[in-house]
Amino acid sequence: MRAIDFDQASDPASAIRLVQQPNTKFIGGGTNLLDLMKGDVEQPLRLVDINHIGLDQITELPGGGLRIGALARNSDTANHALVRSRYPLLTQALLSGASPQLRNMATIGGNLLQRTRCPYFMDTAFAMCNKRAPGSGCGAREGYNRMHAILGASSACIAVNPSDMNVALVALDAVIQVSGPKGERSIPIAGFHRLPGTMPQVDTVLQPAELITAVDLPPPAFTRHTHYLKVRERNSYAFALVSAAAALDMIGATVRQARIALGGVAHKPWRVPAAEALLAGQALDEARCRQAARVLLDGAQAFRDNGFKIQLAERAVVRALLEAGESA
Ligand code: SF4
């Protein structure tokens, strides 16, 4: 057994000061971190509780957008009246994740930082995992890789980002607000999560001791025609094999602008603007949706057990777009 020190921060500034002690981590809902600590994947010596630093509010921004505090719970966010009415794609994605109990605890900031569920990463009995033990190799590349990436993988890591929320946030062009020892900064979500490259142990561009304070959503453009399609092994409490977030701004049967993002296929949510451009100004039909899906999946590469994902992802994109077109 290892002793763990526990500090309770009272505001963001004290949280950032406290987390600069050696081997220290923030803890919010703890739904991912505590699991990783129980499995010895994470071994902090000190935790800084950030649940009481006043970042759990959801407020309107002056320009018409919405600010979601980093400590807002997934359930509260999904069911918030302004989120439901203005960003239904986010509600759909959040409610497809985890279980009601986990959603009641998990926070928006923590969801952004969820770690991969690659079994070689989650179980320290496996010697090889570059993400958990840099330089040890990747057990999944030549091993069991049914859940793994088909896009953006590297020779060092083929893991996927497990979050549903992140896929919707990428489609919605969210901006992550961050505070740290060097001040505050805003990070567009498309640049927040990293591809694995040669450093798969680094999931995001966050710097040491930086604290996510909020997620900002731009003024709503996709309130009527959205669909989050999650394909998984069972109907609830399972991670996506593939997911597709589709949001359309339509005039009659014509698409004015489109957003499509894929989950379960890469180390970060996958979005390709050229695929969306194919739909703009066009009537929404199956052939065009398939064309967009193929652009989105250009360069996809399968490993031993996950070849099915390429066709599954294409079909998921087509169906999500067509469902979005019909929803209102
Ligand atoms: Fe580790 Fe990534 Fe390989 Fe999984 S895919 S074993 S997380 S290096």
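**Salt bridges and burial in a predicted model**

Reader: How does Asp203 count at 16% relative accessibility, buried or exposed?

Author: Buried means under 20% relative accessible area, exposed over 50%, and partly exposed in between (1.4 Å probe, protein chains only). Asp203 has 16% relative accessibility and therefore counts as buried. This is a predicted model, in which local features need pLDDT of at least 70 and side-chain atom pairs pLDDT 80 or more, while totals for chains, interfaces and linings use all residues. Residues are numbered from 1 along each chain as its sequence is written, and side-chain values use heavy atoms, with hydrogens and water left out.

Reader: Which residue forms a salt bridge with Asp203?

Author: A salt bridge needs a side-chain nitrogen of Lys or Arg within 4 Å of a carboxyl oxygen of Asp or Glu. For Asp203 the partner is Arg115, with the closest N and O atoms 2.9 Å apart. The two stand 88 residues apart and link distant parts of the chain: Asp203 is in the loop between strands E7 (183-188) and E8 (211-217), Arg115 in the loop between helices H7 (108-112) and H8 (119-122). Those elements are DSSP runs numbered from the N terminus (helices, H or I, of at least four residues; strands, E, of at least two). Arg115, at 14% relative accessibility, also falls in the buried class.

Reader: How many salt bridges does this rule give?

Author: The count is 22. Another of them joins the side chains of Lys25 and Glu42 at 3.7 Å, N to O. Lys25 belongs to strand E2 (residues 24-27), whereas Glu42 sits in the loop between helix H2 (33-38) and strand E3 (46-49), 17 residues apart. Lys25 is partly exposed at 31%, and Glu42 is buried at 12%.

Reader: Where do Glu286 and Arg290 lie?

Author: Both are in helix H11 (residues 286-296), four residues apart, or about one turn of the helix. Elsewhere, shared partners join Lys25, Glu42, Arg115, Lys131 and Asp203 into one salt-bridge network.

Reader: Which residues are closest to the ligand?

Author: A residue is near a molecule if one of its heavy atoms lies within 4 Å of it. Here 14 residues surround the ligand, and the closest are Cys118, Cys129, Cys138, Cys157 and Ile158. The shell holds 10 nonpolar, three polar and one charged residue (Ala, Val, Leu, Ile, Met, Phe, Trp, Tyr, Cys and Pro count as nonpolar, Asp, Glu, Lys and Arg as charged, the others, Gly among them, as polar).
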